[in-house]
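This report describes one protein chain for a reader who is new to structural analysis. Please keep the sequence and the model in view while reading.

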Amino acid sequence: AAYQWLGPIFFVHLGATIIIDTQVLGDTIVYSLIFFVLLGVGQFLSATIAARYVPGGFTWDEAAMIGFGMLGRAELFFVVLNICYNEKAIFSREMFVTFTITAVLLDITVPICITLFKPYYCR
């Protein structure tokens, strides 16, 4: 019950502390896109294969839908990123921006992939 009203407060606070420098953004966009593709394919394949081969597994279409849904699991990532960058200074600004853009792109990809895959899933 507490996460229903504390969760949004935490993410608003976290978002308010993220400062993205446009110079760094230009320097890191290529790395962000590479990470986005590699992480997206890796997450999709691992979740799809895991869903397909669990006991009483799903069909390939159902497993693919689960794989697409697992792309946007960035909530915990943002918590760890906040600790590593703002509190412990483990990441450089470039690493922080690269990982942030990658996570945002993965989150944006979920509804797009599910919408595009839905006609195949529902047949």
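## Basis of the description

Helices (H or I, at least four residues) and strands (E, at least two) are DSSP runs, numbered from the N terminus. By this rule, tyrosine 31 has its place in helix 2, which covers residues 22-53.

The model is a predicted one, in which local features need pLDDT of at least 70, side-chain atom pairs count only at pLDDT 80 or more, and totals for chains, interfaces and linings use all residues. Residues are numbered from 1 along each chain as its sequence is written, and side-chain values use heavy atoms, with hydrogens and water left out.

## Overall architecture

The protein chain contains five helices and zero strands. Read from the N terminus on, its elements follow the order α-α-α-α-α. Taken along the principal axes, the C-alpha atoms fill a box of roughly 45 × 40 × 25 Å.

Of the 123 residues of the protein chain, 28% count as buried.

Tyrosine 31 of helix 2 counts as exposed because its relative accessibility is 54%. Tyr31 also belongs to a nonpolar surface patch of about 750 Å², which is made by Ile29, Val30, Tyr31, Leu33, Ile34, Phe35, Leu38 and Leu39.

Patches are made of residues with over 30% relative accessible area and no salt bridge; like charges are joined within 9 Å, and nonpolar side chains (Val, Leu, Ile, Met, Phe, Trp, Tyr) within 5 Å. A salt bridge is a side-chain nitrogen of Lys or Arg within 4 Å of a carboxyl oxygen of Asp or Glu. The accessible areas come from the Shrake-Rupley method with a 1.4 Å probe, and for residues only the protein chains shown count as cover.

## Helix 2 against helix 3

How do helix 2 and helix 3 pack? Helix 3 spans residues 60-69, and the two helices pack at an angle of about 140 degrees, with their axes 8 Å apart. Helix 2 is therefore oblique to helix 3. Angles under 35 degrees count as roughly parallel, over 145 as roughly antiparallel, 65 to 115 as roughly perpendicular and the rest as oblique. Axes are lines fitted to C-alpha atoms, for helices over the stretch in contact, and angles run from 0 to 180 degrees between N-to-C directions.

Within helix 3 lies alanine 63, which is buried because its relative accessibility is 0%. Alanine 63 and isoleucine 29 are 34 residues apart in sequence, and their C-alpha atoms are 31 Å apart in space.

Phenylalanine 11 is found in helix 1 (residues 2-17) and is partly exposed, with a relative accessible area of 36%. Phenylalanine 77 has its place in helix 4 and counts as partly exposed at 30% relative accessibility. Phenylalanine 77 and phenylalanine 99 are 22 residues apart along the chain, with 9.0 Å between their C-alpha atoms.

Valine 110 lies in helix 5 and is buried, with a relative accessible area of 14%. The C-alpha atoms of valine 110 and glycine 72 are separated by 5.9 Å, and the two residues are 38 residues apart along the chain.

Most residues other than glycine have a negative phi. Alanine 89 has a positive phi of about 55 degrees although it is not a glycine. Alanine 89 is found in the loop between helix 4 (75-87) and helix 5 (93-121), and it counts as exposed at 61% relative accessibility.

Technical notes
Buried < 20%, exposed > 50% of the residue type's maximum accessible area, 1.4 Å probe, protein only.
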